[in-house]
Every structure is written in structure tokens, then in C-alpha cells.
Amino acid sequence: MEGSDGGDNFSKLKFKAKSFGSKALNSLKNYKSIISKHSSEEKKLYIKKPSNFKITNSKRFLVSISAVVLIFILLYMAFAKNAYSVSVNNIEVGRIKNKNVAIEAMGGLKKQYEIQSGTSVSFDFEPAYAKVRASKKELLDSKALQEQFVKYISYRVKSYIIYADNEAIACFKTKEEADDVLEAVKENYLKGVKKEELKEITFDKAVEIKEEFGELSAMTSVEKARKFIIDGTNEVKTHKVASGETFWSISRKYDITVEELEKANPEANSARIQIGQELSLIVPKPLIGVKTVEEATYIDKIQFDQKLEFSDSLYKDQTSIRVKGVYGEKEVSAIITKVNGLETDREIIKEKVIKKPKEQILVKGTKEPPPKKGTGVFATPTRGSISSRFGMRRGRHHDGLDIAAPLGTPVKAADGGDVIFVGTSGTYGKLIKIDHGAGFQTWYGHLSAYSVKVGDKVYKGQIIGAVGNTGRSTGPHLHFEIRKNGVPKNPSSYL
Ligand SMILES: [Zn+2]
């Protein structure tokens, strides 16, 4: 660490030292040349006075040596390394007298961060040191170095990380939060599960909470992490339901399947979406799956059998239920396995019949139906009581006959003919018109359902629809009209 971190600076310093050294060498050379100059001049002089020569020469030699030593001492004092350069990630942050200053600065900073974050803190760096020459005013004290450190270092705080199959999923300040998230994820898949029937709940991955040092910015909240683990993403994408939209049209619009859209919106009722309702478009892909095993006891119905009988009192295309089938009941004990709330296996362990089912008897007609054209004789179109007759009623003319009957009672063609209108028409509500030929038409209003379409040929007595309460109507009834050449006639005189 020290070598690689301090490397650049260190080589720079080495270079500096080299250049200082070469300067020193140069001045030394200069000095030498001065001396040698001197001595050559002196030599000439001493030739003339040979007696003094030896003594003077050794004295001079001593002086020279001391001068050189003195210069070396001065050089040493001027260029020796007396301080440390501190660097973080190859950046010099300051110069200090000794390493203790840095240790103290780091200690102070750690304490400061721990107070701020309310948890233990760890630095993810070690300062690198290099010996340098520095002047006194360059040196930083621990307080000043601490201020420098703040600019260059990052730190980690003690955290609790949820791992799934050794992959870090979410990071929290406390272990309680991590526990709460895992609990909430489990809870999410326990909707509709009775606590006493739950035998087993497990994650589909090896899940563990580890205490580690992590980045403060990576910390998340319980709710965010819960959503992240269940959805498998932090992405939020929604659609606001517009008028006329269905799950199908919305899924087409975003190129997902209806099933996926339902998975994304488990709370929404796909058959009853409201205008303005927000639907999520994120199909959950849980990062941690939850498997549950329940031992459930519940009541299930038993399907009834159906027996077919034939009768010549009904037309060939008619059926009638003579005896209505009744479902039976059984108590079932089963082991139900679910993954992420969706059933993957159901093993029935025990079944006890509580109530036997009752067979249904269906009668099928064998009689040849009448021709699909007018006979000239009309029959009552539905069973019921007459609630209003043809004629003047509260100052207005009532063009037909009202027959009150329960909602859904079959409505039959009063005579054979061609279906010429099927649809909603003002106060009539759902209306069917049949043309019988010879200028006759019959109209059937306030229906709840149709079983014919325009262009169909029908025989007399064929079921064409069901009694309803549509249009201007105060209760379920059939409004029945007979018209001749477009003029309403009194049905009572034809039936
Ligand atoms: Zn009416």
C-alpha cells in the first residue's frame, strides 16, 4: 500500500532530491576548482620559498577537509528529509512531522463520523507515507490534516446486509430492520393463509444477514427494500385506466399478457377496473422467493351427475331440466404448496362426504318444430300476470300489453317469422321485432337478454330472449305489441 500509493510522490521526491544533489555536486566542483586554482598560484609562490612549503601544505589540507565537511553538514541540514508526506489514493493531502499526527487525525475523524451516523465507522483506505523535506510552516497538525482528509477519503459504516445465495440484496443500519424486511416479504405471501394451517415457510434461496461495513448511501428503508425484493426492481411504471379500457386492452398496449398484468396487480379485480385507477405495469420477479406449505381443511362441492331423458312434448332444439341437480359437499384435508403465493402443488390426504350430490334430469325434445314462418295465430309470449293493458293510461296511449314476470323468464316468439330488429331502442330498452308476414309484426321490449339475431328465422314458441327491466320500466316485465301495417293493435284480441 505504502509503496504503490506513495510511489509517484516518492519518485518525484527522489527526483527533487537528485536535482538538489546535483546542485550540491556542482557547488562542490566549483569549490574544488577554486581550490585547485588557488593551489596552482600558490605552487608558483612556494617554489620560490621551498622551506615553508611542507608545513603550509598540510595546514591547507586540513582547512580544505574541514570546509568540505562543513559544506556537507550544511547541505545535509538544507536537504535532509525531516518530515512525512501523507497521501490518500495517490494524492498528497499534507505534510506532517511524524505518523502519529495522521493517526490522531484519523481517530478524530472516525469519532466525528460515528457521532454523525450513529453507528460504527470504518475507513476504506490506509494513508501512505513518504519521507520528505519540509519547512516548519508546511507541516500540518492533526486538526489541519483532518480537514484535508475530509476532502479525499470515503468511509464505511457498520451495516446489516441481507444476502440471498451470497448476493447482497439490501443494506440497513440495524439488524432489526433487516429482520423486519424478511418478515414483511414472508407476510406478503401469507395473504389468505390461516396461521394455524401453516406448516412450513421457507425462502427459495440461502438467506442470511451479515454484519459488515457498507456505504452510508447504500442504506435503505424497510418499505423500499420490501418492495425491491418482491418486485425484483426499484422501477415504478403505472397506467391510469381510461374510459373503455380493460385488462386485455391495457396488456396489449404495453405488450404484456393479461396474466402478467394480474400478477402485477394482485389487489385489483380485473373484471371491475375503474376509470382513473392506477395499475402497476411491473411484473414482479422476486429476488427472494417464498415457499409455503399449508395443511388445510376446507369444504368442497361434489359435482352432480346428469341423466338425459327424451320427450315428444318438446321441440327437437328444446331442452328442459325436469329435476335440478344439487351439488354435494365434502370436507377435504390437503397439503397445499405455494411459491410466491401461487399454488404449485395440492396433495389431498383425506376426503369426507358430508352431503351426497343429487342427480340432474335433463329432458330433450323429440318433436319436429313448426315451420319458421307466420301461422296467423298468436300465442302468449311469456308466462306471467298482466300488469297493464293496451289503451289509454294516465293520459297517454299504451301501445302494448305488459306481462310482469321474474327477471330472466324466457320470452318466446308469439308466432313464426323473421327477426328484423335486435337492439336498444329508447324507452323500450332492449327490443326485438319479428315480422310475421301479411303486414304483422310483434315487438318485445324491456328485455334483459337476446337469444336471436337479425335475419334469424324463428318458429312459433321459440325462445328469443329473456324478461328484463331495461328502458323506461319500473320492474321486470315484458312489453308486448302486435302491429298491423305499423299500427299497434290490442294484443288481447289476438291471443
Ligand atoms: Zn308496456
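Trainee: Which residues does Leu447 touch, not counting residues up to four places away in sequence?
Mentor: This is a predicted model. Leu447 lies in strand S24 (440-447) and is a member of the largest nonpolar core. With residues up to four places away in sequence set aside, the residues that Leu447 touches are Val411, Gly429, Lys430, Leu431, Ile432, Gly465, Ala466, Val467, Gly468 and Thr470.

Trainee: Which members of the largest nonpolar core touch the most other members?
Mentor: This core holds 24 residues. Those touching the most other members are Val411, Ile432, Tyr444, Leu447 and Leu478.

Trainee: Which strand supplies the largest share of this core?
Mentor: At least two residues each come from strand S20 (401-404), strand S23 (430-437), strand S24 (440-447), strand S27 (463-466) and strand S28 (477-484). The largest share is four residues, and its source is S24.

Trainee: How many residues are in the second, separate core?
Mentor: The second core includes Ala83, Ala102, Tyr129 and Leu140. Its residue count is 20.

Trainee: Turning to the helices, are H5 and H6 parallel, antiparallel, perpendicular or oblique to each other?
Mentor: Two packed helices are described by the angle between their axes and the distance between the axes. The axes of helix H5 (residues 175-188) and helix H6 (residues 222-231) come within 9 Å and cross at roughly 45 degrees. Angles under 35 degrees count as roughly parallel and 65 to 115 as roughly perpendicular. H5 and H6 are therefore oblique.

Trainee: How many nonpolar, polar and charged residues has the contact of H5 with H6?
Mentor: On the H5 side, the residues are Glu177, Asp180, Val181, Ala184, Val185 and Asn188. They meet Val222, Ala225, Arg226, Ile229 and Ile230 in H6. By class, the contact has seven nonpolar, one polar and three charged residues.

Trainee: Against which elements do the buried residues of H6 pack?
Mentor: The buried residues in H6 are Ala225, Arg226, Lys227, Ile229 and Ile230. The elements they pack against are strand S6 (167-172) and H5.

Trainee: Which residue just after H6 takes a positive phi?
Mentor: Helix H6 covers residues 222-231. Just after H6, a positive phi of about 80 degrees is taken by Gly232.

Trainee: Finally, what percentage of the residues in the protein is buried?
Mentor: The protein has eight helices and 29 strands, and its residues number 495. The buried share of these residues is 23%.

Key: Residues are numbered from 1 along each chain as its sequence is written. This is a predicted model: local features need pLDDT of at least 70, side-chain atom pairs count only at pLDDT 80 or more; totals for chains, interfaces and linings use all residues. Axes are lines fitted to C-alpha atoms, for helices over the stretch in contact, and angles run from 0 to 180 degrees between N-to-C directions. Angles under 35 degrees count as roughly parallel, over 145 as roughly antiparallel, 65 to 115 as roughly perpendicular and the rest as oblique. Two residues are in contact if their C-beta atoms, placed from the backbone, lie within 7 Å. Ala, Val, Leu, Ile, Met, Phe, Trp, Tyr, Cys and Pro count as nonpolar, Asp, Glu, Lys and Arg as charged, and the others, Gly among them, as polar. A nonpolar core is a set of buried Ala, Val, Leu, Ile, Met, Phe, Trp, Tyr and Cys residues joined through C-beta atoms within 7 Å. A residue is buried if 20 or more other C-beta atoms lie within 10 Å of its own, exposed if 12 or fewer, and partly exposed in between; C-beta atoms are placed from the backbone.
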